[in-house]
Amino acid sequence: MKKIFCLACLSFREAVREKFFFGAIFFFFFYLGFCALLSKLSVGYSLKVLQDAGFIGIELTAVVLVVFSFVTSFFKEKETSLLQVYLSNFKPREVIIGKILGYVALSFLYLILSSIFFGLVSVLHAGFTPQALVALYPVFLKTVIIIGFASLFSALFSSSTLALLATLFIYLSSEALPSALVIVGAYGGLFQKGFLRAVYFMLPQADKFEISNRIFYSSAPGLSYFFWITLYSIIYAFILWIINLFIFQKNEY
Amino acid sequence: MTKIVTLTGINKSFARTKVLKGINLDIFSGEIFGLLGVNGAGKTTLIKALLGLINIDSGRVEFQGRSRSYSDINSQFGFLPENFSPPKKLKAIEFLSILGRGLGVKPLEAHNLLELMGLKEEKNKYIKTFSRGMIQRLGLAACLLKSPKVIVLDEPTLGLDPLGQVKVIELLRQLNKDGKTIFFSSHILSQMQGLCSRVGIIHSGAIKSVSKVEELLDRYATDSLEEAFLKEIGGA
């Protein structure tokens, strides 16, 4: 455990000092300013516009940050032989899980910082709903799964561009699938319905992680939701890690 | 002297190219073994095979008379790869002490190693400000953290200026005096001559010869290792 923690610590410290991290924070800061302006212009819907746009911004920047940081760092470590040094000191499973945990910590830190900015802007412009912050927990879980995919594709592909594109493709597909299912459910054939349902069950089910609307406009989900979504994420991330480990051990460095 | 590492019948191919062809090699405890070879001879691949970083097609790697395991590599082998570069956004002491903590080493050891490598003054500097020579010495410190029995170095002086090369060579001598077995690859022959107990010559993926430096020189009646090497591989 100590070995994993140390590798996570090295990855986290490196990532938190990278330009990507500061870039994501600055981008989000300006994006929030834009959202605040948009909410002022949307008379009668100020709070709704700010909350919806703000949450989308938090999730998108968090996903882009962790995916880009993880993949570039992984390939840089391969290129600079740092990965070989780690593998001569630690077991492959420790290396992978340490790296993943470092980026999970990065995602957590980023979500905390971005929610603070979001809270401040909400207070200043349209009022603040503290319960809204609860909706960030599933976003965090979603980024954990996406980091798992980034790690898997980094081990699978020899090109960082391919790994980046594949991870972003998985994220976008999982986001688009619930809507696609509705459309195909109404107009599609039997094969299309079956195929999309199978893909929906295989990819992370993005709609299950989306609770911000329920929190803003009705009531927050109960504790059982948080238990099941956490369990789902842990199992999903674990399966990804097992596949990742298998590929990682087969690879040559 | 007792055998510490034994490589038997190591074969490795990349696609259809045979990179290692039935390598047999013994490394003895407490020696400095130099692996000589031109670029593309198979030096790095052999080192990776020794450390389990690549999957060999056939053959056997033994450590102290038994099959070499992951835990042997993790605890008894220190490795400094070619073109090593640590995380540049970290400070030298930060990198070394965190890595050391993971290896169960006390923080004081990281400080001592930096001092041994002549990096005491630079310990609180970011690695991105380090020269190539300083990075190599930091890499050596990292591979000594767990106090390994065998130190494996792939082209440790590559890209260093003459002063940097001398410093690294001196450090290797010092480590050997402290009882470490050193296995290193290089194609800079002048460094090998006064440093290695034995040298192995690898050419086109096969070991051409393994002998003491003096024996190799005597065989070709020369006092230049470069000349003997070229004659051995049939290049002169």
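How many bridges join strand β3 of chain B to strand β9 of chain B, and do the strands run parallel or antiparallel? I looked this up first. The model is a predicted one. I found four bridges between β3 (residues 32-36) and β9 (residues 198-203), and the two strands run parallel. I then picked out one residue of chain B, Leu35(B), whose bridge partner in β9(B) is Gly200(B).

**The sheet.** Next I traced the strand order in chain B. I read β6-β7-β8-β3-β9-β10, six strands in an open sheet with mixed pairing. I checked the edges: β6 and β10 (206-212) of chain B each have a single partner strand, so one side of each lacks a neighbour in the sheet.

**Burial.** Is α5(B) largely enclosed or open? I found 10 of its 13 residues buried, so the rest of the structure largely encloses α5(B). Among the buried residues I listed Ile135(B), Gln136(B), Arg137(B) and Cys143(B). I then asked what covers them. From chain A, the cover includes α4 (82-89). From chain B, it includes β6 (77-80), α3 (92-102), α4 (107-116), β7 (150-154) and α6 (162-177).

Technical notes. Residues are numbered from 1 along each chain as its sequence is written. Chains are lettered from A and ligands numbered from 1 in the order in which they are written. This is a predicted model: local features need pLDDT of at least 70, side-chain atom pairs count only at pLDDT 80 or more; totals for chains, interfaces and linings use all residues. A residue is buried if 20 or more other C-beta atoms lie within 10 Å of its own, exposed if 12 or fewer, and partly exposed in between; C-beta atoms are placed from the backbone. Two residues are in contact if their C-beta atoms, placed from the backbone, lie within 7 Å. Two strands pair if DSSP finds at least two bridges between them.
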